[in-house]
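Me: Please take me through the terms used to describe this model, and set each value against its cut-off.

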Amino acid sequence: MTRAHPSIRLGLHLGLAHHPLCSRFRADVVHVGRAHLCSGCLATWPAFALVLPMALLARLQGAPAWALLAAGLVLGLPQMASYGWRRSRAERAAAKVVGGAGLALALTGLLGLGLPGPALLGVLIAGGAGSIALQGLRMRAILATCDACPFRRAWDRCPGFQAGMPPTDPTAPAPLLSP
């Protein structure tokens with residue numbers, strides 16, 4: 001049986017947190033009840049959900065599609081830049097909120113341009129590929145941090161990787177992050 005690439009396995013096991021659940025990633029994970037959530041997603045997606053209806057309403061009231069698209073792309077720049085810098089949690093959260101709003105505006109503007117179906121699909125696929133590439137850069141940074149850890153990507157022994165998963169080894173060390 002072929003094993004998945006370690007970064008894919010890491011992402012699948014950590015689910016909505018997107019980060020190992022250890023103290024080195026404390027600023028990247030938010031605890032909501034028993035769930036571990038990515039702090040960036042927790043900032044981005046609610047902003048997207050709040051701005052999308054307003055962007056659609058603006059478009060229905062005559063806002064030019066190209067202006068919504070341009071504004072969305074500009075607002076997306078801080079979020080894209082946040083993958084390359086490690087600022088404070090508040091600065092990264094602000095970049096993610098602005099990026100979520102930008103995504104809603106850009107999507108509304110793109111859909112309003114009236115592109116033919118294949119062209120629209122191509123643009124959406126290109127945007128998705130760009131997003132995956134940015135996530136790959138972030139995953140590379142996560143793996144570099146894991147390489148500096150004493151567990152060195154030994155996922156079967158890493159408490160940050162095992163946290164939140166069903167126990168498989170009763171002698172395994174406890175997770176480094178408290179619930």
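**Terms and their cut-offs**

Reply: Serine 39 is found in helix 2; helices (H or I, at least four residues) are DSSP runs numbered from the N terminus. This is a predicted model, in which local features need pLDDT of at least 70 and side-chain atom pairs count only at pLDDT 80 or more, while totals for chains, interfaces and linings use all residues. Residues are numbered from 1 along each chain as its sequence is written, and side-chain values use heavy atoms, with hydrogens and water left out.

Me: What makes tryptophan 45 and phenylalanine 48 an aromatic pair, and of which kind?

Reply: Rings of Phe, Tyr and Trp (its six-membered ring) pair if their centres lie within 6.5 Å; planes under 30 degrees apart count as stacked, over 60 as edge-to-face and the rest as tilted. By this rule the count comes to 1 aromatic pair. The centres of tryptophan 45 and phenylalanine 48 are 5.5 Å apart and their planes 75 degrees, so the pair is edge-to-face. Because they are 3 residues apart in helix 2 (residues 39-60), about one helical turn separates them. Tryptophan 45 is partly exposed at 45% relative accessible area, whereas phenylalanine 48, at 15%, counts as buried.

Me: How do you know the relative direction of helix 3 and helix 4?

Reply: The axes of helix 3 (residues 65-82) and helix 4 (residues 89-112) come within 6 Å and cross at roughly 150 degrees. Axes are lines fitted to C-alpha atoms, for helices over the stretch in contact, and angles run from 0 to 180 degrees between N-to-C directions. Angles under 35 degrees count as roughly parallel, over 145 as roughly antiparallel, 65 to 115 as roughly perpendicular and the rest as oblique. Helix 3 and helix 4 are therefore roughly antiparallel.

Me: What makes helix 4 and helix 5 roughly antiparallel?

Reply: The axes of helix 4 and helix 5 (residues 117-148) come within 10 Å and cross at roughly 160 degrees. That angle makes helix 4 roughly antiparallel to helix 5. Leu107, Leu110 and Leu111 of helix 4 meet Leu120, Val123 and Leu124 of helix 5.

Methods
Helix = DSSP H or I, 4+ residues; strand = E, 2+ residues; numbered from the N terminus. Buried < 20%, exposed > 50% of the residue type's maximum accessible area, 1.4 Å probe, protein only. Contact = heavy atoms within 4.5 Å.
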